[in-house]
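User: I'd like to learn how the labels for a protein model are decided. Could we look at one together and test each label against its definition?

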Amino acid sequence: PFVLWAVDERGIITLSEGQALTGLGLKPGQRVGTSVFDLYRDSPVTVEGIKRCLLGEETSWEVEVNGRIFESRTFPRWNDAHQVVGLLGVSTDVTEHKRREEEAQKLREQMQQVQKLESLGVLAGGIAHDFNNMLTAIMGSTSVALLALPESNPARSHLENVMLASSRAAHLTKQLLAYAGKGMFEITRIDLSAHVRELVTVLETALPKKVQVRLELAADLPAIEADAGQVQQIVMNLVINGADAIGDERGTVLVTTGSHDIDDIYAQSLFAAEALSPGRYVYLEVHDTGCGMDEATKAKIFDPFFTTKFHGRGLGLAATLGIVRSHRGAIKVYSSPGRGSTFKVFFPAVAGSATRPLAVGPHFRGKGLVLVVDDDEGVRAAVSSLLGYFGFSVIEAFDGRHGVQAFIEHQSECVLVVLDMTMPDLGGEEVFREIRRIRSDVPVILTSGYNEIEATRRFTSEGLAGFLQKPFTPAELAQRLRAALVKEESQPVAAADDKE
């Protein structure tokens with residue numbers, strides 16, 4: 001698709017031919033006799049190129065004409081006296097080529113972003129997993145000590161400080177796991193509007209008085225399958241981020257929910273949409289009237305440890321991205337300087353109604369033999385101590401093979417198994433299958449520093465009794481124990497009444 005054209009020494013067009021003229025709405029020869037300087041007076045680059053060529057220089061440039069992009073090259077024409085008597089030009093329509101090139105560049109940038117997120121996610125997930133094992137040992141042992149000490153003991157305040165610091169460290173590792181996309185542990189069907197309404201009501205008290213939070217929450221939304229704690233983290237991160245963007249000025253954070261049908265074309269405008277499938281999605285939209293962002297800032301906001309604040313670790317939006325990716329969702333960001341920012345998070349909609357959470361008290365007493373299988377000695381000791389406090393007798397196994405052997409030896413008296421997900425040689429999934437093959441009715445509670453959603457679903461479909469994210473508190477362990485044993489009412493050992 002090109003145009004072959006020529007002008008004389010005065011700049012009058014003497015030739016205009018070529019297939020690309022059709023794209024400009026022109027016929028061959030239609031421009032002959034027209035002054036090229038008059039025709040392109042609004043295109044300085046074209047006028048400059050022609051003038052230089054008429055002075056004897058070969059020139060080239062790129063110009064947009066009627067929405068089409070042309071690459072032009074000109075060659076001076078000489079007479080026998082070596083004087084320039086005009087020029088010959090070739091203009092090639094490169095519009096489609098440029099479009100394909102831009103799409104390829106966009107795809108390369110998306111792939112680079114995905115690879116960067118995945119590599120950083122592996123690093124963050126590995127660190128958080130190992131650190132969570134250590135925190136489980138610290139918090140478990142400290143909890144047992146606190147439970148054993150009377151209220152008047154002066155050592156309690158020091159142990160409570162250990163628990164407080166450990167809880168803060170656990171929150172940090174949850175953010176790392178969320179960024180890594182490995183933080184989903186308890187998937188339920190959630191009514192997003194109801195969840196947001198409850199959370200924002202509590203969150204408003206922590207925001208500056210000059211920031212008003214408005215809610216426009218759709219009724220009768222489809223449910224989403226998500227971890228309630230991680231959805232809570234998304235809402236908190238986005239609302240607090242919006243309030244921070246407003247700063248000391250008066251402003252508004254508008255939180256909206258709704259549903260949206262996404263096709264392949266719309267998905268191309270979304271961030272982190274590599275796992276997105278066309279269909280119905282439920283969205284959470286948080287808009288602030290703050291300072292807004294320029295393009296350079298928008299390009300970095302999801303990078304871990306990037307922050308525009310004087311305080312903070314810069315993990316909030318990075319963690320939000322990780323949670324959204326692990327839920328097979330996507331994010332759309334609108335922002336410009338002085339006009340605020342909008343973050344729109346999409347979650348896949350599912351059929352059926354939302355699950356109502358079960359209210360379970362933190363106090364629990366039980367009896368019977370529990371098998372604890374974990375390759376971390378500190379974790380085994382902490383969990384065993386807590387189980388002993390709750391009234392159970394315990395046997396420990398330091399790896400998967402030892403765990404299977406121990407279960408074979410004690411299968412008739414074992415009332416429950418606490419099983420680590422990630423172990424060398426024989427992992428939690430293999431141990432679980434062996435235990436279920438030997439005795440299908442024994443409840444198994446899975447524990448892990450992190451876990452992929454696919455693995456969780458595989459276990460759940462085969463009758464997993466519960467899931468515990470490391471580190472966990474005595475109350476959380478008690479909740480899982482009671483829930484698991486209540487399901488097994490036919491067992492000779494059952495949970496005793498709570499001590500309130």
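Predicted model: local features only at pLDDT ≥ 70, side-chain atom pairs only at ≥ 80, totals over all residues.

User: Why does R328 count as partly exposed?

Analyst: R328 has a relative accessibility of 31%. Buried means under 20% relative accessible area, exposed means over 50%, and partly exposed is in between, with a 1.4 Å probe and protein chains only. Residues are numbered from 1 along each chain as its sequence is written, and side-chain values use heavy atoms, with hydrogens and water left out.

User: What makes the backbone of R328 worth a look?

Analyst: The phi of R328 is near 60°, a positive value in a residue that is not glycine. Most residues other than glycine have a negative phi. R328 sits in the loop between α9 (316–326) and β11. H82 also has a phi near 60°, and H82 lies in the loop between β4 (68–78) and β5 (84–93).

User: Why is H82 called exposed?

Analyst: The relative accessible area of H82 is 57%. That value is over 50%, so H82 is exposed. D264 passes the same test: its 53% is over 50%, so D264 is exposed too.

User: How do you know that D264 is in a helix?

Analyst: Helices (H or I, at least four residues) and strands (E, at least two) are DSSP runs, numbered from the N terminus. D264 is found in helix α7. D264 and G279 are 15 residues apart in sequence, with 9.4 Å between their C-alpha atoms. The whole chain has 14 helices and 17 strands.

User: Why does M293 count as buried?

Analyst: M293 has 12% relative accessibility, which is under 20%, so the label is buried. M293 is in the loop between β10 (279–288) and α8. Across the chain, 47% of the 500 residues count as buried.

User: Which residues does M293 touch beyond those up to four places away in sequence?

Analyst: They are K298, I301, V333, S335, S336, P337, S341 and F343. Contact means heavy atoms within 4.5 Å. The C-alpha atoms of M293 and Y334 are 9.0 Å apart, although 41 residues separate the two along the chain.

User: Why is T92 partly exposed?

Analyst: T92 has a relative accessible area of 30%, between 20% and 50%, so T92 is partly exposed. T92 belongs to strand β5. Leaving out residues up to four places away in sequence, T92 touches P1, F2, I69, F70 and E71. T92 and F70 are 5.3 Å apart, C-alpha to C-alpha, and 22 residues apart in sequence.

User: How many disulfides does the search of the whole structure find?

Analyst: The search finds 0. A disulfide is a pair of cysteine sulfur atoms within 2.5 Å, so a count of 0 tells us that the search found no such pair. As for cysteine labels, C291 has 52%, which is over 50%, so C291 is exposed. C414 has 2%, which is under 20%, so C414 is buried.

User: What makes a space a cavity, and what makes it a pocket?

Analyst: On a 1 Å grid over the protein atoms alone, a cavity is a set of points where a 1.4 Å probe fits but cannot get out, while a pocket is an open set with protein on both sides within 12 Å along at least five of seven lines. Lining residues have an atom within 4 Å of a point. The search of the whole structure finds 1 cavity of 30 Å³ or more. The largest cavity has a volume of about 40 Å³. Residues including V372, V379, L419 and F472 line the largest cavity, and β15 gives the most to this lining, with 3 residues.

User: What can you say about the second largest pocket?

Analyst: The volume of the second largest pocket is about 1000 Å³. It has 30 lining residues, and K106, Q110, Q268, L270 and F271 lie nearest its centre. Helix α3 supplies the largest share of this lining, 10 residues.

Note on methods:
Points joined across faces, edges and corners; volume = space filled by probe spheres on them.
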